[in-house]
Amino acid sequence: MSKALIVGGGIGGLATAIAFDRRGWEVEILEKATKITAVGAGLSLWPNAIRALDALGLGDEVRARAIEDGSAGIRDSRGTWLSRTDAEAVRARYGSPIMTHRADLLDILRGAVPESALRTGISVREVRADGTVTHSQGTSAGDVIVGADGIHSVVRRAVCGVVDPRYSGYTAWRMVVTPTEPLGELAESWGRGERFGYAALADGRVYCFATANVPVGTSSTGLPELRRRFGTWHDPIPSLLAAADESAVLHNDIYELPPLRTYVSGRIALLGDAAHAMTPNLGQGACQALEDAVVLARVAAEDSDLTRYDAERRPRTRMIAARSNRIGAVAQLDSPLAVRLRDTVMRLIPSSAQFKALAPVLDWKG
Ligand SMILES: Cc1cc2nc3c(=O)[nH]c(=O)nc-3n(C[C@H](O)[C@H](O)[C@H](O)COP(=O)(O)OP(=O)(O)OC[C@H]3O[C@@H](n4cnc5c(N)ncnc54)[C@H](O)[C@@H]3O)c2cc1C
C-alpha cells in the first residue's frame with residue numbers, strides 16, 4: 001500500500017489525508033500542535049469548495065452545520081450600497097456559498113481522518129530531497145510527502161528554497177459576537193483604508209471581521225480600537241461592537257506568499273497556504289486548500305509524476321491569489337479622492353458583470 005506523509009493538520013492537511021485515505025492509501029499526519037484547534041472565527045466556503053467537500057464525501061455534513069449565505073453586498077461606511085449580489089442568481093448559476101465556523105469544519109474533517117493517522121505534538125524540522133522527514137520525534141517517510149504546513153512552511157524549503165511571505169499593508173481583526181437582534185444579511189462596508197464585514201453563523205451568532213491599513217507589526221488595543229475606528233459606521237456595526245467580548249477578538253497582520261515557481265519537487269508537493277497563502281479578500285484560501293487536496297490525491301493515484309498536480313493547481317491558485325490581492329488594493333484605498341472615485345465606479349458596475357466575473361473562481365468541478 002502506498003503512503004502519504006502529510007506535514008500539518010490544518011484544513012489542507014486533514015482534507016488531504018481524507019482524500020488519500022479514500023483512495024486506499026495509508027496516511028500519516030505530523031502536526032506540531034498538541035491538539036487540533038481552530039481560531040474562533042467564521043469561514044466562507046464557496047461552491048467550488050463545497051464541490052471539493054462533496055468529492056471527499058463530507059459536503060452534506062458540512063452543509064448541515066453551516067448557513068447558506070443570503071443577500072450580500074458592499075456598502076460604504078454610511079450604509080449606502082455600492083454593489084449588491086443577487087443571492088438567488090448566484091445559487092442558481094454556481095451553487096450555494098455557505099458560512100461555517102472554523103471549529104465545525106475542523107471537527108468534521110478530523111472525524112473523517114483515520115484515528116491512528118494523526119500524530120500531534122510533532123514538529124517537522126526538515127524534509128530532505130530524498131523525501132526523508134526529520135522531526136522532533138525522529139524521522140518518517142512516505143511515497144508522497146505533502147507540505148500542508150501553512151504560510152511559514154518548512155517543507156517549502158525542500159521544494160523551492162526560502163521564500164518569505166510579504167505583508168499586504170493591512171491588518172485584520174476577527175471575532176464571533178452574540179447579537180442583540182438576529183441578522184440576515186452578509187455585508188462588507190468599505191471606508192478609507194478600513195473595512196468592516198459581518199455574516200450570520202448557523203447558531204445565530206455573527207462572524208465579524210475588520211481591516212485597516214497600518215505599518216507592519218503595529219500593536220492593537222483590540223475592541224477599544226475597533227470601537228474607535230468603526231463605532232460611528234452604519235447599523236448594525238455599532239451594536240455588534242457593543243455586544244462584542246474583548247477576549248474574543250483575534251488580531252493578525254495579513255501576509256501573502258509571492259508566486260512560487262513550482263509546487264512540486266520529485267515526490268514532495270505543497271498545498272494550501274504553504275503553496276499559495278493569499279489575502280482573505282475573496283474568502284478563497286481554505287477553499288483552494290480543499291481543491292488542492294482532491295486534485296493531489298487524484299494525480300498521485302493515477303501517476304507517479306506529480307508535475308500534473310503543479311500544472312493543474314499553480315495557474316489557478318495564482319490567478320485567484322492575484323485577484324484577491326487586487327480586490328484588497330481597491331478595498332483599502334485611503335485617499336479621499338480615490339475613495340470617491342472607487343465608490344462611484346462601484347455603483348455603476350452592473351451586478352451582472354460582477355456575477356459573471358465569479359465564473360473562473362467558482363466554476364471548478366474537480
Ligand atoms: C483574516 C482571515 C480570514 C480568512 N477567511 C477565509 C474565508 O472566509 N474562506 C477561506 O476559504 N479562507 C479564508 N482564509 C484563509 C484560510 O484561513 C487559510 O487559507 C487556510 O486556513 C489554510 O489552511 P492550511 O491547512 O493550508 O494552513 P494552516 O491552517 O496554517 O495549517 C497549517 C498546519 O500546519 C501545522 N504546522 C506548521 N508548521 C509545522 C511543522 N513544522 N511541523 C508540523 N506541523 C506544522 C500548523 O500547526 C497548522 O496546524 C482567511 C484567512 C485570514 C487570515
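A residue is called buried when its relative accessible area is under 20%, exposed when over 50%, and partly exposed in between (1.4 Å probe, protein chains only). The model is predicted, so local features need pLDDT of at least 70 and side-chain atom pairs count only at pLDDT 80 or more, while totals for chains, interfaces and linings use all residues. Residues are numbered from 1 along each chain as its sequence is written, and side-chain values use heavy atoms, with hydrogens and water left out.

**Stop 1: helix α4.** Select residues 87-94, which make up α4. Helices (H or I, at least four residues) and strands (E, at least two) are DSSP runs, numbered from the N terminus. Ala87, Val90 and Tyr94 are buried here. Down the axis of α4, the buried residues fall within an arc of 65 degrees, so they line one face of the helix; the arc is that of the directions from the helix axis to the C-beta atoms. Now show α2 (47-55), β6 (81-85), α13 (351-357) and α14 (359-362), which are among the elements covering those residues. After α4 comes Gly95, with a positive phi near 105 degrees.

**Stop 2: Arg316.** Select Arg316 in helix α11 (residues 307-331). Why does Arg316 count as buried? Its relative accessibility is 13%. Leaving out residues up to four places away in sequence, Arg316 touches Asn48, Gln288, Glu291, Pro360, Val361 and Trp364, where contact means heavy atoms within 4.5 Å.

**Stop 3: Val345.** Finish in helix α12 (residues 336-348), where Val345 sits. Is Val345 buried or partly exposed? Val345 is partly exposed, at a relative accessible area of 41%.
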